[in-house]
Amino acid sequence: MKKLKVGIIGVGIQGENHLKAYLSHPLVDVVSVADISPRKLSYVKEKYGVKGLYSDFNEMLEKEDLDLVSVATPDFLHREPVINSLESGVNVVVEKPMATTVKDAEDMVSAARRTGVVLYPNFGNRWNPAFASVRERIADGETGRPVYGYFRLSDTIYVPTKMLSWAGKSNVVFFLMSHTADLARWIFQDEVSSVQAFAEQNILRSLGIDTYDYVVAILRFKQGGMVVLESSWILPEGLPSIVDFRAEIICEKGCLLYTSP
C-alpha cells in the first residue's frame, strides 16, 4: 500500500504524541511539522529526523503534498489550521476539543463537507482498552442497557499553573470533560437531550488565571439514561499522578468500574 504523507501542526505534548504514533506505523511517512517555536522545530529535527520544518503552517500546506495533517495546537487555536488544511484538500485529525465555540465547530464541519475530505476529532479514550471493553460488553447485551454513569477526569493544579501557558483561554470542559462527555455518548450509544451544569471560579482566578476550578455536569439521554461528569484541575500537586480518572457505569444487569492506574 502507498504510504500516507503526514504533517503535524503544533508539536507540544500532544503533537509529539501524534508524531511518535505516526513514526511507529509502517504505512505512514511524517514529512513535515509546523510550529511557531524555533526551539521545538530544532528538537523535532534532532530527535526524530523530520526534514520538513515550518514556522508557518500555511507555507507547509502550500509546499508539501500531504495526505493528512494532525492539528495539535492549543484548544482555542484549532479553527484556522483545521479549515485551511481542509480547504487545501488535506484530511485532518484534530485534537480534542475540536473547537471552543459552536461557530468554529460548525465552520469546520461545513469546510469538510464542502471539500469532501475527512475531519476527525481525536477522542483517544475510545481506544483505551478498558473503555473499549466496557462498550463491547454493553453492546453485546452482557450487562443490559446502561442506566446511570459517573465519570471523573481531573488534573492537579500543576496543569493550569505550570504545564499550560494558555489555561486562561480554555477550561476544564474543553481540556478534560470533552473526553468523558464523548465516552458517555459512545458507551451509552445515545445522544444527550439536556444538560445541567455547575461551576466555580475561585482558586485559579486568585492566581491570575481566569478559568473554572471545576465543573460538574448532569447529562440526560434521549433513551432515559443519566450521567454525571466531574472535572477539576485544582487537585494538590503531591498526588502520585497529575491525572485522576475513574468511571462507574451501572447497567440493568451489572456494574462496570474503572480507575486509572
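D190 is buried yet takes part in no salt bridge, and the nearest side chain of opposite charge, that of K222, is 6.5 Å away. Buried means a relative accessible area under 20%, exposed means over 50%, and partly exposed covers the range in between (1.4 Å probe, protein chains only). Charge is assigned simply: Lys and Arg count as positive, Asp and Glu count as negative, and His and the chain ends are not counted. A salt bridge is a side-chain nitrogen of Lys or Arg within 4 Å of a carboxyl oxygen of Asp or Glu.

The structure is a predicted model, in which local features need pLDDT of at least 70 and side-chain atom pairs count only at pLDDT 80 or more, while totals for chains, interfaces and linings use all residues. Residues are numbered from 1 along each chain as its sequence is written, and side-chain values use heavy atoms, with hydrogens and water left out.

D190 sits in the loop between helix 8 (172-188) and strand 8 (192-200); helices (H or I, at least four residues) and strands (E, at least two) are DSSP runs, numbered from the N terminus. Apart from neighbours within four places in sequence, D190 is in contact with R185, F221, K222, Q223 and G224, where contact means heavy atoms within 4.5 Å. The side chain of D190 also reaches the backbone nitrogen of K222, at 3.3 Å. Such a polar contact is a pair of N or O atoms within 3.5 Å; within protein, one must be able to donate a hydrogen and the other to accept it, and residues adjacent in sequence count only if both atoms are side-chain atoms. Q189 is found in the loop between helix 8 and strand 8 too. Q189 has a positive phi of about 50 degrees although it is not a glycine, and counts as partly exposed at 40% relative accessibility.

Another aspartate in a loop is D67, placed between helix 3 (57-63) and strand 4 (68-71). Leaving aside neighbours within four places in sequence, D67 is in contact with K2, K3, L4, K5, V90 and N91. For K5, the backbone nitrogen lies 2.7 Å from a polar atom of the D67 side chain. The C-alpha atoms of D67 and P236, which are 169 residues apart along the chain, are separated by 43 Å. A further loop, between strand 5 (91-95) and helix 5 (102-115), holds P97. The peptide bond leading from K96 to P97 is cis, with omega near -10 degrees.

Turning to charged pairs, the count comes to 17 salt bridges. One of them joins the side chains of K103 and D107 (2.7 Å, N to O). Both residues lie in helix 5, four residues apart, about one turn of the helix. K103 counts as exposed at 51% relative accessibility, whereas D107 is partly exposed at 22%. A second example is the salt bridge between the side chains of E230 and R152 (3.4 Å, N to O). E230 belongs to strand 10 (residues 226-232) and R152 to strand 7 (residues 146-155), so this pair ties together parts that are 78 residues apart in sequence. E230 is partly exposed, with a relative accessible area of 23%, and R152 is buried, at 17%. The side chains of D244 and R246 also meet in a salt bridge (2.9 Å, N to O). Here D244 is buried, with a relative accessible area of 13%, while R246 is partly exposed at 33%. Salt bridges that share partners join R79, K103, D104 and D107 into one network.

At the level of the whole chain, the protein has nine helices and 12 strands. Its radius of gyration is 20 Å, close to the 18 Å that the globule rule gives for 261 residues, so the protein is as compact as a globular protein of that length. The radius is taken over C-alpha atoms, and the rule is 2.2 Å times the number of residues to the power 0.38. Along the principal axes, the C-alpha atoms fill a box of roughly 55 × 50 × 35 Å. Of the 261 residues, 47% count as buried. Among contacts with a separation of 6 or more, 66% are accounted for by residues 24 or more positions apart. The accessible surface comes to about 13300 Å², of which 53% belongs to carbon and sulfur atoms. Accessible areas come from the Shrake-Rupley method with a 1.4 Å probe; for residues, only the protein chains shown count as cover.
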